[in-house]
Amino acid sequence: MQNSEAMALSAALLAVAGGLTQRINEGVIARGFEGVRPAHGFAFARLAPDGATVTDLAVHLGVTKQAASQLVDELVRKGYAERRPHPEDARARLVVLTGRGWGCTRAAEEAAAEVVREWGDLLGEREVRSLCEQLLRIAPHGPVRPAW
């Protein structure tokens, strides 16, 4: 693959990822979850299903512990997450999603499904499944984090 082709592919993937992130966030807001932004969704991905410490979240998001702590403070203040005692480390706190946080997560899943259905309408369902399989071979485990 030529450099120009590689750049075109890179640009297309970034555009799709950015558009998908925006559409999911818009879908979440349209479903009544106000005050959220894409960074919250990336945090939710790490907090579900069993919670995480602020340190775990910082590593997942690629930010400092201070930045992750501020994000957690915001999620707690908005009712999307809560801090609980850590079951294995008395010095640590576990950040978990609240019912509102889980509702927001389900709204994001619904919004993502709408976008992917549109891709199926455009490309065909078989092509979308193939695209998914190929992308999972390239990036099987993430990380799924915002491009700060």
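## Model and confidence

Because the model is predicted, local features need pLDDT of at least 70 and side-chain atom pairs count only at pLDDT 80 or more, while totals for chains, interfaces and linings use all residues. Residues are numbered from 1 along each chain as its sequence is written, and side-chain values use heavy atoms, with hydrogens and water left out.

The protein chain has a mean pLDDT (the predictor's confidence in each residue, from 0 to 100) of 92, and 95% of its residues reach 70 or more. Confidence is lowest in α2, at a mean of 91, and highest in helix α4 (residues 65–77), at 97. Helices here are DSSP runs (H or I, at least four residues), numbered from the N terminus.

## Where α1 meets α5

Helix α1 (residues 3–30) and helix α5 (residues 99–123) have axes that come within 8 Å and cross at roughly 130 degrees. Those axes are lines fitted to C-alpha atoms over the stretch in contact, with angles from 0 to 180 degrees between N-to-C directions. The pair is therefore oblique (under 35 degrees is roughly parallel, over 145 roughly antiparallel, 65 to 115 roughly perpendicular, and the rest oblique). The crossing is right-handed, that is, the near helix is turned clockwise from the far one by less than a right angle.

On the α1 side, the contact (heavy atoms within 4.5 Å) is made by Val-16, Leu-20, Arg-23, Ile-24, Gly-27 and Val-28. Among the α5 partners are Cys-104, Ala-107, Val-115 and Trp-119. The residues of this contact divide into 11 nonpolar, one polar and two charged; Gly counts as polar, and Glu and Arg as charged. Zoom in on Ile-24 and you'll find it touching Ala-108, Ala-111 and Ala-112, not counting residues up to four places away in sequence.

The axes of α2 and α3 come within 10 Å and cross at roughly 125 degrees, which makes α2 oblique to α3. This crossing is right-handed. Phe-42, Ala-43, Ala-45 and Arg-46 of α2 meet Asp-56, Leu-57, His-60 and Leu-61 of α3.

Now for the loop between α2 (38–47) and α3 (54–61), which holds Pro-49. A cis peptide bond joins Ala-48 and Pro-49, with omega about 0 degrees. For context, most peptide bonds are trans.

The whole structure has 10 salt bridges (a side-chain nitrogen of Lys or Arg within 4 Å of a carboxyl oxygen of Asp or Glu). One pairs Arg-31 with Glu-110, with the closest N and O atoms 2.9 Å apart. Arg-31 sits in the loop between α1 and α2 and Glu-110 in helix α5, so the pair links parts of the chain 79 residues apart.

How values were computed. Helices (H or I, at least four residues) and strands (E, at least two) are DSSP runs, numbered from the N terminus.
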